[in-house]
Amino acid sequence: MDSLDKLLAELKAEYEEHKPQQHQLKANFIKPVNKLQAKSEFLIDNLLAEVKADFEEKDFAEKLQRQQELEQERIKQEQLQAKKLEELKKQAKDWLAKLDPLSLEGLWFEKFAEGYPSKLEAAIEYLQNSE
């Protein structure tokens, strides 16, 4: 029985002797894997940040382009309205020049124009509503 105890003690001592080496091997193996994983995560995070920045830049450029298009359309509409108003003014001036103030229409227009700052503005309003 002594020999068996002695053999077990030797095996235990040998196991204990090799055990720290196994842990050391595991630790040495885990450190590079963790470093690689950390570096990989860092690279992925940087790549994702670049992709996100690209999308944000494209979105901003598209939004800016839409705003510019809307502004150009607004300006175009204002120009069209101004042109239409100028045409109406010309028509109103021509109409007023041809209007006989003593005719039935002329007398009616005199009453109609009382609510406006000028006869021209009244004529413009009248012509707009009669179209």
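The chat below turns to aromatic pairs and then to salt bridges.

A: Before we start, this is a predicted model, in which local features need pLDDT of at least 70 and side-chain atom pairs count only at pLDDT 80 or more, while totals for chains, interfaces and linings use all residues. Residues are numbered from 1 along each chain as its sequence is written, and side-chain values use heavy atoms, with hydrogens and water left out.

Q: OK, how many aromatic pairs does a search of the whole structure find?
A: The search finds seven aromatic pairs, where rings of Phe, Tyr and Trp (its six-membered ring) pair if their centres lie within 6.5 Å, and planes under 30 degrees apart count as stacked, over 60 as edge-to-face and the rest as tilted. One of them joins tryptophan 108 and phenylalanine 112, which are stacked at 5.1 Å centre to centre with 15° between the planes.

Q: And where do tryptophan 108 and phenylalanine 112 lie?
A: Both lie in helix α2 (residues 104–113), four residues apart, about one turn of the helix; helices here are DSSP runs (H or I, at least four residues), numbered from the N terminus.

Q: Which kind of pair do phenylalanine 109 and phenylalanine 112 form?
A: Phenylalanine 109 and phenylalanine 112 form a tilted pair, with 6.1 Å centre to centre and 40° between the planes, and they sit three residues apart in helix α2.

Q: Is phenylalanine 109 buried or exposed?
A: Phenylalanine 109 counts as buried because its relative accessibility is 1%, and buried means under 20% relative accessible area, exposed over 50% and partly exposed in between (1.4 Å probe, protein chains only). Phenylalanine 112, at 24%, counts as partly exposed.

Q: Which residues form one aromatic cluster?
A: The cluster is formed by Trp95, Trp108, Phe109, Phe112, Tyr116 and Tyr126.

Q: New topic: how many salt bridges does the structure hold?
A: The structure holds five salt bridges, each being a side-chain nitrogen of Lys or Arg within 4 Å of a carboxyl oxygen of Asp or Glu. Among them is the one between glutamate 78 and arginine 74, whose closest N and O atoms are 2.4 Å apart.

Q: What separates glutamate 78 and arginine 74 along helix α1?
A: About one helical turn separates them, because they are four residues apart in helix α1 (residues 2–98). Arginine 74 and Glu78 also belong to a network of salt bridges that includes Glu71.

Q: Which residue does glutamate 110 pair with?
A: Glutamate 110 forms a salt bridge with lysine 119, with the closest N and O atoms 2.6 Å apart. Glutamate 110 is partly exposed at 32%, and lysine 119 is partly exposed at 42%.

Conventions. Helix = DSSP H or I, 4+ residues; strand = E, 2+ residues; numbered from the N terminus.
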